[in-house]
Amino acid sequence: MPTEGLVSTIIPVYNRGEMLRLAVGSVLGQTYRPIEIIIIDDGSTDDTPRAIAALAAAAPGVVRSARRPNGGPGAARQSGLDMARGEFIQFLDSDDRLLSDKFRLQVAALRSRPDCDVAYGKTRHYREGDVPRDEPLKRTGEVIGTMFPAFLRSRWWSTSTPLFRRSVIDRAGPWTSLRNEEDWEFDCRVAGLGVRLAYCDAFVSDTVDHDCERLSANGSSDPAKLRDRAAAHRLILGHARAAGIGCGAPEMQHFARELFLLARQCGAAGLPAEARMLFDLSRAASTPEHARGLDFRVYGLAARLLGWQTTGWLAAALDRLRDGARVRRRA
């Protein structure tokens, strides 16, 4: 059974020792207690293990760690979740930080709203070295009652933004081994449970840009990353359908267009199986009128005649030309 009141923070890390110190420091600086911090070293090859050992020695009984072969952030978060003892779960990327009142505010919100399983607040977004400005990231400054259908438009918060009840995490099931968009897929799985959100009108966390390697870089051209994104999109569509979101919903229409765009990107990157799967899913997620539209019919015919890779490459080239024309018109 989870320990009542305990907040477990799970931090996966790979070759980010210095950033990890700042992330852990932001958790230790919380005004709320009790807390525990679980660091999962995802097979780091630099001095990160020494940084982890120093953090655990400086906060015995609070900071725990484990090391696993490199398997990506989702698998690492699941390893941390298997070790967690808290009633509440905080996921934190090693390059992000929490503001000091986050746990106090969000635990109180969940205590006062037993009908809600997730609490969130405003997240700031800035570049390392810049002075943070109190401007909410994406839609974190809006009061939104449920995760679906809004999460079909985008993952409108950061990993650091929400605080989950452990009970809803257990209902959602384990993280996948995907390395890209695994966080969006997991959030949509939680959304599919129909959970309600408790909003805290305060800044609770920071997402920080930097020059170090990020898993999301080149996500529209790297074949390995596109393969994971295709799998994540397929799962997200399944979660949305299970939640009863129909083709007529504006959010589903938006997601259908996203599926079509990703199909073109996969084709251009030499992933014909993923391109065809996403094209078929896009038609299935569209309204009947749009599914019979000229764009689908022309693209499908071109793919049959030229192949999914050539058609994707041509479509991507046209997309770039259109984007360039829009930029020139605005200028």
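1. Buried here means under 20% relative accessible area, exposed over 50%, and partly exposed in between (1.4 Å probe, protein chains only). Strands (E, at least two residues) and helices (H or I, at least four) are DSSP runs, numbered from the N terminus.

2. Before going on, the ground rules. This is a predicted model, where local features need pLDDT of at least 70, side-chain atom pairs count only at pLDDT 80 or more, and totals for chains, interfaces and linings use all residues. Residues are numbered from 1 along each chain as its sequence is written, and side-chain values use heavy atoms, with hydrogens and water left out.

3. Back to strand 2 (residues 35-41): seven of its seven residues are buried, so the rest of the structure largely encloses it.

4. Now the neighbours; strands pair if DSSP finds at least two bridges between them. Strand 1 (residues 3-13) runs parallel to strand 2, joined by seven bridges, and Thr 9 sits opposite Ile 37. The chain gets from strand 1 to strand 2 through helix 1 (residues 17-28), a right-handed β-α-β crossover (clockwise from first strand over the helix to the second, with the strands pointing away from the viewer).

5. Strand 3 (residues 63-67) also pairs with strand 2 in the parallel sense, over five bridges. Ala 66 is the bridge partner of Ile 40 there. With helix 2 (residues 48-58), strands 2 and 3 make a right-handed β-α-β unit.
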